Amino acid sequence: MKVVKMSISLDPELDREVRDAARRSGQSLSAWLSDAAAQWLRSQSLREFVDDYEREHGPFTEEELSEARKRLGYEDE
């Protein structure tokens, strides 16, 4: 797989937390940062989809949100 090298700057505390998280996950720092960036991009894409849906169809009801939480495992059924 082709990769691109880049240089980034982090606050020292964030650097420690990121390195600790990568170590705990058993991933290299590069792999952990790559996964984190991909997850953030998926999250943003989902947020945009939901915003577009609600603009077209109106906000989700509490019942719809409750059902979504159940299906995602955030609430007991």
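Biologist: What is the order of the elements of the chain from the N terminus on?

Modeller: In this predicted model, the elements run α-α-α from the N terminus on. The chain has three helices and zero strands.

Biologist: What makes a run of residues count as a helix here?

Modeller: A helix is a DSSP run of H or I with at least four residues. Two of the helices are α1, at 12-25, and α2, at 29-57.

Biologist: Why is E56 called exposed?

Modeller: The relative accessible area of E56 is 64%. The term exposed requires a value over 50%, and therefore E56 is called exposed. The residue E56 has its place in helix α2.

Biologist: Why is D20 called partly exposed?

Modeller: D20 has a relative accessible area of 32%. Buried means under 20% and exposed means over 50%, with partly exposed in between, so D20 is called partly exposed. D20 is found in helix α1. The C-alpha atoms of D20 and E67 are separated by 35 Å, and these two residues are 47 residues apart along the chain.

Biologist: What is known of the largest pocket, and which residues are closest to its centre?

Modeller: The largest pocket has a volume of about 500 Å³. Its lining consists of 15 residues, and those closest to the centre are V4, M6, S30, L33 and S34.

Biologist: Which helix gives the most to the lining of the largest pocket?

Modeller: Helix α2 gives the most, with five residues. Both α1 and α2 supply at least two residues each of this lining.

Biologist: How far apart are the mean positions of the positive and negative charges?

Modeller: The chain has 12 positive and 18 negative charges, and their mean positions are 10 Å apart.

Conventions:
Residues are numbered from 1 along each chain as its sequence is written. This is a predicted model: local features need pLDDT of at least 70, side-chain atom pairs count only at pLDDT 80 or more; totals for chains, interfaces and linings use all residues. Side-chain values use heavy atoms; hydrogens and water are left out. Lys and Arg count as positive and Asp and Glu as negative; His and the chain ends are not counted. The place of a charge is taken as NZ of Lys, CZ of Arg, CG of Asp or CD of Glu. On a 1 Å grid over the protein atoms alone, a cavity is a set of points where a 1.4 Å probe fits but cannot get out, and a pocket is an open set with protein on both sides within 12 Å along at least five of seven lines; lining residues have an atom within 4 Å of a point. Grid points are joined across faces, edges and corners, and a volume is the space filled by probe spheres set on the points. Buried means under 20% relative accessible area, exposed over 50%, partly exposed in between (1.4 Å probe, protein chains only).
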